[in-house]
Amino acid sequence: MKIYVGNLHWSITETELRELFGSIGEVISVAVTINKDSGRSSGFGFVEMSQDDGQRAIDALGGREILSKVLRVSEAVELP
């Protein structure tokens, strides 16, 4: 399952995001989008986990406050 993670603080790293989601279950991959101009996080990223672990992570981490930002966590939607 690919998970969208929005409203990330600009300073969050892929390692920190992996650790956060890894506390719920096995993380397959992590990507934090980076703004080309600033070199900082664009405020969102993606985490890939198994279906079961992913659903647990969505339930556990959605709405959780990290670095003064409330996370938006949901299953990623593939655009056509």
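**A close look at a salt bridge and its surroundings**

A: D53 is buried, with a relative accessible area of 12%. Buried means under 20% relative accessible area, exposed over 50%, and partly exposed in between (1.4 Å probe, protein chains only). The model is predicted, so local features need pLDDT of at least 70 and side-chain atom pairs count only at pLDDT 80 or more, while totals for chains, interfaces and linings use all residues. Residues are numbered from 1 along each chain as its sequence is written, and side-chain values use heavy atoms, with hydrogens and water left out.

D53 has a partner. R56 forms a salt bridge with D53, and their closest N and O atoms are 2.2 Å apart. A salt bridge here is a side-chain nitrogen of Lys or Arg within 4 Å of a carboxyl oxygen of Asp or Glu. Searching the whole structure turns up one salt bridge. R56 is partly exposed, at 44% relative accessibility. Both residues sit in helix 2 (residues 51-61), and because they are three residues apart there, about one helical turn separates them. Helices (H or I, at least four residues) and strands (E, at least two) are DSSP runs, numbered from the N terminus.

Now step to helix 1. The buried residues of helix 1 (residues 14-22) are L17, L20 and F21. They cover an arc of only 90° around the axis, so they lie on the same side of helix 1. That arc is taken from the directions from the helix axis to the C-beta atoms. T15 and E19 are exposed, on the face turned away from the buried side. The buried residues of helix 1 pack against helix 2, strand 1 (2-6), strand 2 (27-34), strand 3, strand 4 (65-66) and strand 6 (72-75).

Strands 2 and 3 deserve a look too. They run antiparallel, joined by six bridges. Two strands pair if DSSP finds at least two bridges between them. V27 has M49 of strand 3 as its bridge partner. The two strands form a hairpin with six residues between them, and G39 in the turn has a positive phi of about 75°.

End at S41. This residue lies in strand 3 (residues 41-49). S41 is buried, with a relative accessible area of 10%. Its side chain reaches the backbone nitrogen of G43 at 2.9 Å. Beyond its neighbours within four places in sequence, S41 is in contact (heavy atoms within 4.5 Å) with H9, W10, V32, T33, I34 and N35.

Definitions and conventions:
A polar contact is a pair of N or O atoms within 3.5 Å; within protein, one must be able to donate a hydrogen and the other to accept it, and residues adjacent in sequence count only if both atoms are side-chain atoms.
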